[in-house]
Amino acid sequence: MEKNRNYFVAIALSVLILVAWQFLYVNPKLEKDRAALEAQQAAQTTQQTTTTAAGGAAPAATGTNGALPGAAAGATTTETREQALARSARVEIDTPALAGSINLTGARFDDLKLKEFHETVDKTSPIITLLSPAETEHGYFAEIGYVGSEATGQMPGPQTVWTQDGAGKLTQTTPVKLSYTNDKGITFTRTISVDEHYMFTVTDSIENRTEAPIALSAYGRTTRFFKPTTPSVYVLHEGFIGVLGDLGLHEVKYKDTEKDTTVAPGKATGGWLGITDKYWATALVPPQTTPYETRFSYFQDGRPRYQADYRQDDVTIAPGQTIEVKNLFFGGAKEVPIIDQYKTSYSIPRFDLMIDWGWFWFFTKPMFQLMDFFYRYFGNFGIAILITTIVVKGLFFPLASKQYASMANMKKMQPKMEELKAKHGDDRMALQQAMMQLYKEEKINPLAGCWPILLQIPVFFALYKVIYVTIEMRHAPFFGWIRDLSAPDPTSLFNLFGLLPYDVPHVLLIGVWPIIMGITMFLQMRMNPTPPDPTQAMIFTWMPLVFTFMLASFPAGLVIYWAWNNTLSIVQQAIIMKRHGVKIELFDNLKGLFGKKTKPS
């Protein structure tokens, strides 16, 4: 039994370490980071900055550190969004999913709102603002331009004023056409189209009307002047992201660029790059056959800002020749079916990695697809979680059945165990050897009671990942007070679940569902024989309480899953024990725990 006791002690210590890590390190660190971010953003709103109205430097020339058109050129302060939008002429964007406008100065995407998503669960709350002009506190934009030489004249860049051909707004059925002719007579005609979701296609026709060949290169950048106000957690990447041809997936944190200024993965052909948040993202998709250099950068000249950019290799255009350059820009919500569709329809390599499925994507993504299937049928993600749990329980049934059968046999052996304890008295070594021999003869696994919990671990983490990272779970209601399955249960035992008129500290938000989960876990463990070792018995007694506090801050959908899974396990175990002729002593165990124990005469 010494070996078994070590197993239980290890489990208990692991749980205690997780709890201590959460309350002593993770929570204080999140609060510290949040305070630092708020202080930084407050400083940015009051400082005068030296930057262009265009929002800083475009990608640097290959092999240099110099800035291209659009470098610092004048002092300004941050403006309101309305003031910034009124600074220049714009082309309205109006699709089923998007609202906003394109800035004709720079042909820049800097005004984009997501019609289908609100800031809170209240449907009357404002819709999500993704992109805003550079002059605002939360400036965030994307831009495609060109770099040339003296022979090419002024290339389209941050300060270029484009002219709209005709009038009208950009919709999924009506593209818009812009034009610009520079001082050398080179004409750029840009056609911008958008689908019914979040993908823009930018097609540039470049005509060389000079008498000599010219060389130019395209660049693209997505730039933002802020970081997420809620610091990221270890299960989710927020920051720079890209799949860069043969260089593969690159995930670069904001702090990495703050430390090193620039992360330059190198030259690639094919792929995409951008900036990702928990639920939203921007991404640039260059022409897939032309090599390009990439950077993920942090600039501190003027207003601090973060930028993902690329610059393609030069292309040469002969006199009188016209070439076409096509880029894609994604700006929107990371909805799984839409992201997968773009990967296929636009042949974008590994675009599905925009969603952080984690290392165990082969388990996490099918879990989501199964839940999404049930959601589309029942219309409630909470119900989808319950049914998915039943399916997973069915898949694990053969293994769980064997373990519960072993536990039932252990129940039968309880009288023999008591005889061995009476026989060996205080000789712990002899008692342990006798117990092990009994387990061997009766083919009993003494750890069978732990297997139902251990089997939940991979499912637990996969479900946690799904609930935490997928936007489909955001603001998804269940029933009653659970209006957002991706957020913790908002109630608390310590104000009688809202009956008392005061808020409680975050650490004391022990809601209804975490308590239900703790009760079901307690009952499940009381279905098993009480461990003879006092240390093991103590661990089994306190573990449900520890898990109740630990899971209280987890998404409600995850806690509902755990409570439902425990309930199914109790029913399954009771049926198996009855089949094996073993008495279900749940109530006797509860009486033994809470009632007065009589001493043997």
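Trainee: At what angle do H6 and H13 pack?

Mentor: Axes are lines fitted to C-alpha atoms (for helices, over the stretch in contact), with angles from 0 to 180 degrees between N-to-C directions. Helices here are DSSP runs of H or I with at least four residues, strands are E runs of at least two, and both are numbered from the N terminus. Helix H6 (residues 381–395) packs on H13 at about 45°, the axes lying 10 Å apart, and H6 and H13 are therefore oblique to each other.

Trainee: Is the crossing of H6 and H13 left-handed or right-handed?

Mentor: A near helix turned anticlockwise from the far one by less than a right angle gives a left-handed crossing, and clockwise a right-handed one. H6 passes H13 in a right-handed crossing. By class, their contact (heavy atoms within 4.5 Å) has seven nonpolar, five polar and one charged residues. Nonpolar covers Ala, Val, Leu, Ile, Met, Phe, Trp, Tyr, Cys and Pro; charged covers Asp, Glu, Lys and Arg; the others, Gly among them, are polar.

Trainee: And how do H11 and H13 pack?

Mentor: H11 (residues 512–526) meets H13 (residues 556–579) at about 25°, with axes 8 Å apart. H11 and H13 are therefore roughly parallel, and their crossing is left-handed. The contact includes Trp513 and Met517 of H11 and Trp562 and Ile570 of H13. Its residues divide into eleven nonpolar, six polar and no charged.

Trainee: What is the strand order in the open sheet of nine strands?

Mentor: Strands pair if DSSP finds at least two bridges between them. The order is E8-E9-E10-E11-E21-E17-E16-E13-E14, with antiparallel pairing. Strands E8 (163–164) and E14 (249–252) are at the edges with a single partner strand each, so one side of each lacks a neighbour in the sheet. Within it, six bridges join E9 (residues 176–181) to E10 (residues 187–194).

Trainee: Where does pLDDT stay under 50?

Mentor: pLDDT is the predictor's confidence in each residue, from 0 to 100. The protein's mean is 81, and 76% of its residues reach 70 or more. Residues 1–8 stay under 50, and residues 61–76 are also below 50. Where pLDDT is low, predicted coordinates should not be read in detail.

Methods:
Residues numbered from 1 in each chain as written. Predicted model: local features only at pLDDT ≥ 70, side-chain atom pairs only at ≥ 80, totals over all residues. Heavy atoms only, no water. Parallel < 35°, antiparallel > 145°, perpendicular 65-115°, else oblique.
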